[in-house]
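Work through the exercises below with the structure in view. Try each task before reading its solution.

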Amino acid sequence: MSVQALTLTLRLAVLVSLILMAIGLPMGYWLAISRRRWKFVIEAIVALPIVLPPTVLGFYVLVAIGPLSPVGRWYHAITGGSLAFTFRGLVVGSVLYSLPFAVQPIAAAFSSVDQTLLHASATLGASRWRTFWRIVFPLGIPGVLTGFVLSFAHTLGEFGVVLMIGGNIPGATQTVSIWIYDQVQSLDYASANQMAGLLLLVCFVILIALYGLRRNRKWGAWGWQ
Amino acid sequence: MGRMGVAVNGALPVNSSAGLHVEIRKRLADPSDSSREFALAAQFSIAAGFTILFGASGAGKTTILDCIAGLQRPDAGQISANEQVLFSSKQGVDVPTRKRQVGYLFQTLALFPHLTVRHNIEYGLAQVGRDERERRSQEIAGSFGISGLLDRRPAAISGGERQRVALARALVTRPKALLLDEPMSALDASTKSRIVDDLRVWNERHAVPVLYVTHQREEVYALGDRVLVLERGRLVADGAPHEVLGRPQLESIAQLAGMENVFECLVRSTRPDQGTMTCVIADSNVPLEVPLYRVDAAHPIKVGIRAGDILVATSQPRELSARNVIAGSILSLRQQDVTVIAEVDCGARFLVRLTPGACRSLALEAGKPIWLVLKTYSCHVLQ
C-alpha cells in the first residue's frame with residue numbers, strides 16, 4: 001500500500017471538491033434561475049465530461065495547458081513553470097472532469113426551491129445575494145452536499161484524465177488508481193487488492209453516509225419538511 | 001368618498017396624491033387557449049383602505065398584482081405609489097422589486113419553511129438596527145396575535161396562524177401598498193373575518209392602500225369598501241360591492257354575483273310609463289316582465305335572476321304585487337349545504353333556492369306542479 005499515493009489522492013480530491021463548490025454554487029444558481037435562451041448550451045457543456053471518454057478530455061486539457069498553447073504560455077509567464085505533468089495540472093483537469101457531478105445536483109436542488117419564495121424575498125427588499133444565502137442555499141443544502149460528495153468520490157477514482165495530464169510521477173501525480181494499475185502491471189495482485197479494497201470501502205462508506213443523510217432529511221430530521 | 005380614478009374605459013383623472021396609481025397594458029396568453037392572446041388594459045387608482053379586485057380566474061388579476069410588485073413587466077403603462085414612480089414605459093423607469101416597498105401576500109403565503117416565525121417576520125428588516133428590528137417585530141406580532149409562536153417553524157402552526165405570520169411579515173416593513181392574492185381562500189369564514197378585522201385595525205393606523213384579489217363573491221361583500229371587476233383584462237365595473245354586485249348589468253358579473261339563472265330573452269313590448277318591458281324567454285313562451293332598459297328590440301337581451309329571489313307556490317297565487325307568476329313542475333330537488341336547489345321546468349329551466357323547511361312544509365317533490373313568483377326587480381337585465 002502506498003501512503004504517498006493515498007495522501008496525494010485525498011489531497012487532490014479535497015482540493016478539487018472545494019474548488020468545485022466555489023464554481024458550482026454560482027453556476028448552479030445561475031442555471032437554476034436564468035431564463036437565457038442559450039442556457040441549454042451551457043447545460044450541455046457542463047454535462048459533456050459525463051459522456052466524453054476521459055482520454056479525450058485529458059488529451060485536450062493536456063494540449064490546452066501545454067507550453068505551446070496560450071494558456072500554457074500565460075501560466076509559464078506568471079509562474080515560470082508548466083501545468084502539464086504537475087499536481088496543479090491534475091487539479092485543473094480533475095475540476096473539469098468532475099464539474100457535472102458538482103454542478104448538476106446543486107442546480108437541481110436550487111431549481112426545486114419554490115419560485116414564490118424568491119419572489120417573496122424580493123418583495124421584502126432582499127438582494128439576490130441575500131436571497132441566495134438566506135433562502136436558496138439553506139433549502140438547497142442536500143443538493144450542495146450531494147454535489148460535494150459526488151465530486152469528491154469521482155475525483156478519488158479518476159484514471160484516464162490523470163494519466164493523460166499527470167503521467168505517473170510518484171509524489172506529484174501518481175494517484176491511487178494509477179498506483180493500482182502499476183501494481184497489476186507488475187503482477188503484484190496482493191498490493192493492488194489491498195488498495196482497491198480500501199478505495200471500494202471508502203467510496204461505499206461515503207455513499208452510505210450521503211444516502212443516509214438524504215433519507216433523514218426526508219423524514220424531517222432537518223426540521224422543516 | 002375621496003375616491004379617485006373611476007376611469008373604466010376613459011382617461012384617468014390626473015391625480016398625484018397618495019395612493020396607488022396603476023395603468024397597465026400587457027398581452028397575456030388566453031387561459032382557455034394558450035395559442036391565443038388577449039390584452040390586459042387596466043387603469044385605476046386606489047386610496048388607503050380595502051379595494052377588491054374581483055374577476056374569474058384567468059381574467060388577469062394576478063398579473064396586475066405582479067406588475068405592481070415588479071415581478072412581471074407591463075408592455076406599457078405607469079405605476080406609482082405615494083407619488084413615487086415604480087414603473088413608467090414613457091420615462092423608462094422600472095424600479096426593481098426589492099426597492100418598490102410593496103407588500104405582497106401570495107396565494108401560497110410563501111413563508112420561508114426553514115426559518116422560525118420570528119426570522120420570517122424580521123426577514124424584511126435587514127436594514128434596520130437590531131433593537132428597532134426587535135421592537136417592530138414584537139409590535140406587529142402583538143397586533144396579529146402571534147406573539148406566542150415566534151420560535152416555531154411554519155410547518156408547526158395552523159393555516160390561520162400562517163396567514164397572520166405572512167401578513168405580519170409583509171406589513172412590518174411598512175410597505176406603501178399591500179397586495180393580497182386570494183390569500184384566504186383555504187380558511188373558514190370565522191378565521192378569515194378575525195384576521196381581516198385585525199388587518200383593518202392595523203390599517204386604520206397606517207392607512208395603506210390594500211388591493212385584495214378574489215374570485216369569491218362572499219369575500220367581496222365581507223371585505224371591500226370598493227370593488228373593481230376585471231373581465232378578460234379589462235375593468236368593467238367599479239363601485240361599492242352592493243352597487244356592483246347587487247345590480248349587475250354584465251353577464252360576467254351576474255355569474256360572479258351568483259345569478260344562477262341567466263336567460264336569453266326577446267323583447268315583446270315596452271311600457272315606458274310603467275318603467276317595465278315584457279319579454280319572452282327564447283325557445284319557450286314564458287313571458288317575463290322586467291325593468292325597462294334601453295335596448296334594441298330586435299336583439300335578444302339577457303336576463304339574470306338569483307335562485308334565492310324566486311318564490312314557490314303550490315297553488316296558483318292571486319292578488320300579488322309580483323308581476324311574474326309562472327306555472328311549471330319540479331324536475332329535481334337536491335341539497336346544497338343548508339339549502340335545497342330545485343330545478344323547475346316552466347318551458348324554460350329555472351333553478352330555485354329554498355330552505356329545507358319550506359321544502360318540507362310545501363311537500364315538494366319531483367313531478368309536483370308549482371308556480372314560480374318573481375318580482376320585476378328581481379329580474380336583472382344584463383348588457
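**Exercise 1. Find which residues of H1(A) and H7(A) meet, and sort the contact by class.**

Solution. The model is a predicted one.
Step 1: on the H1(A) side, the residues in contact are Thr9(A), Leu12(A), Ala13(A), Val16(A), Ser17(A), Leu20(A), Met21(A), Gly24(A) and Tyr29(A). They meet Phe132(A), Val136(A), Gly147(A), Phe148(A), Ser151(A), Phe152(A), Thr155(A) and Leu156(A) of H7(A).
Step 2: sorted by class, the contact of H1(A) with H7(A) holds eleven nonpolar, six polar and no charged residues.
Step 3: for the geometry, take H1 as residues 3-33 of chain A and H7 as residues 128-156 of chain A. Their axes come within 9 Å and cross at roughly 145 degrees. The crossing in which H1(A) passes H7(A) is right-handed.

**Exercise 2. Describe how H2(A) and H5(A) cross, and state which residues make the contact.**

Solution.
Step 1: locate helix H2 at residues 39-51 of chain A and helix H5 at residues 87-111 of chain A. The two axes come within 7 Å, with a crossing angle of roughly 115 degrees.
Step 2: angles of 65 to 115 degrees count as roughly perpendicular, so H2(A) is roughly perpendicular to H5(A).
Step 3: H2(A) passes H5(A) in a left-handed crossing.
Step 4: H2(A) contributes Val46(A), Ala47(A), Pro49(A) and Ile50(A) to the contact, while H5(A) contributes Leu96(A), Tyr97(A), Leu99(A), Pro100(A) and Val103(A).
Step 5: by class, the contact of H2(A) with H5(A) comprises nine nonpolar, no polar and no charged residues.

**Exercise 3. Summarise chain A: which secondary structure does it have, and what share of its residues is buried?**

Solution.
Step 1: chain A has ten helices and zero strands.
Step 2: the C-alpha trace of chain A spans about 65 × 45 × 30 Å along its principal axes.
Step 3: chain A has 225 residues, and 38% of them are buried.
Step 4: take the contacts in chain A with a separation of 6 or more; 74% of these are between residues 24 or more positions apart.
Step 5: for a local example, turn to helix H9, residues 176-185 of chain A. Its buried residues are Val176(A), Ser177(A), Ile178(A), Trp179(A), Ile180(A) and Gln183(A). After H9(A) comes Leu187(A), which has a positive phi near 60 degrees.

**Exercise 4. Summarise chain B and give its domains.**

Solution.
Step 1: the secondary structure of chain B consists of nine helices and 21 strands.
Step 2: the domain assignment divides chain B into domain 1 (20-247) and domain 2 (259-382). Between the C-alpha centres of domain 1 and domain 2 of chain B the distance is 40 Å.
Step 3: a box of roughly 75 × 50 × 40 Å, taken along the principal axes, is filled by the C-alpha atoms of chain B.
Step 4: chain B has 383 residues, of which 39% count as buried.
Step 5: among contacts in chain B between residues at least 6 apart in sequence, those joining residues at least 24 apart make up 66%.

**Exercise 5. Classify Leu28(B) and Leu245(B): is each buried or partly exposed?**

Solution.
Step 1: Leu28(B) belongs to strand E1, residues 20-30 of chain B, and Leu245(B) to helix H7, residues 241-246 of chain B.
Step 2: a residue is buried if 20 or more other C-beta atoms lie within 10 Å of its own.
Step 3: Leu28(B) has 18 C-beta neighbours inside 10 Å, so Leu28(B) counts as partly exposed. Leu245(B) has 23 other C-beta atoms within 10 Å and is therefore buried.
Step 4: beyond neighbours within four places in sequence, Leu28(B) is in contact with Glu37(B), Phe38(B), Leu40(B), Gly60(B), Thr63(B) and Gly233(B). With residues up to four places away again not counted, Leu245(B) touches Arg217(B), Val220(B), Ile253(B) and Ala257(B).
Step 5: Leu28(B) and Ala39(B), eleven residues apart in sequence, are 6.0 Å apart from C-alpha to C-alpha.

**Exercise 6. State how many residues each chain brings to the contact between chain B and chain A.**

Solution.
Step 1: chain B supplies 19 residues and chain A supplies 16 residues.
Step 2: on the side of chain B that touches chain A, strand E7 (residues 102-105) of chain B gives the largest share, three residues.
Step 3: that side of chain B divides into eleven nonpolar, six polar and two charged residues.

How values were computed: Residues numbered from 1 in each chain as written. Chains lettered and ligands numbered in written order. Predicted model: local features only at pLDDT ≥ 70, side-chain atom pairs only at ≥ 80, totals over all residues. Axes fitted to C-alpha atoms, helices over the stretch in contact; angles between N-to-C directions. Helix = DSSP H or I, 4+ residues; strand = E, 2+ residues; numbered from the N terminus. Parallel < 35°, antiparallel > 145°, perpendicular 65-115°, else oblique. Left-handed = near helix turned anticlockwise from the far one by under 90°. Contact = placed C-beta atoms within 7 Å. Nonpolar A, V, L, I, M, F, W, Y, C, P; charged D, E, K, R; others polar. Domains from an automatic or database assignment. Buried ≥ 20, exposed ≤ 12 C-beta atoms within 10 Å, placed from the backbone.
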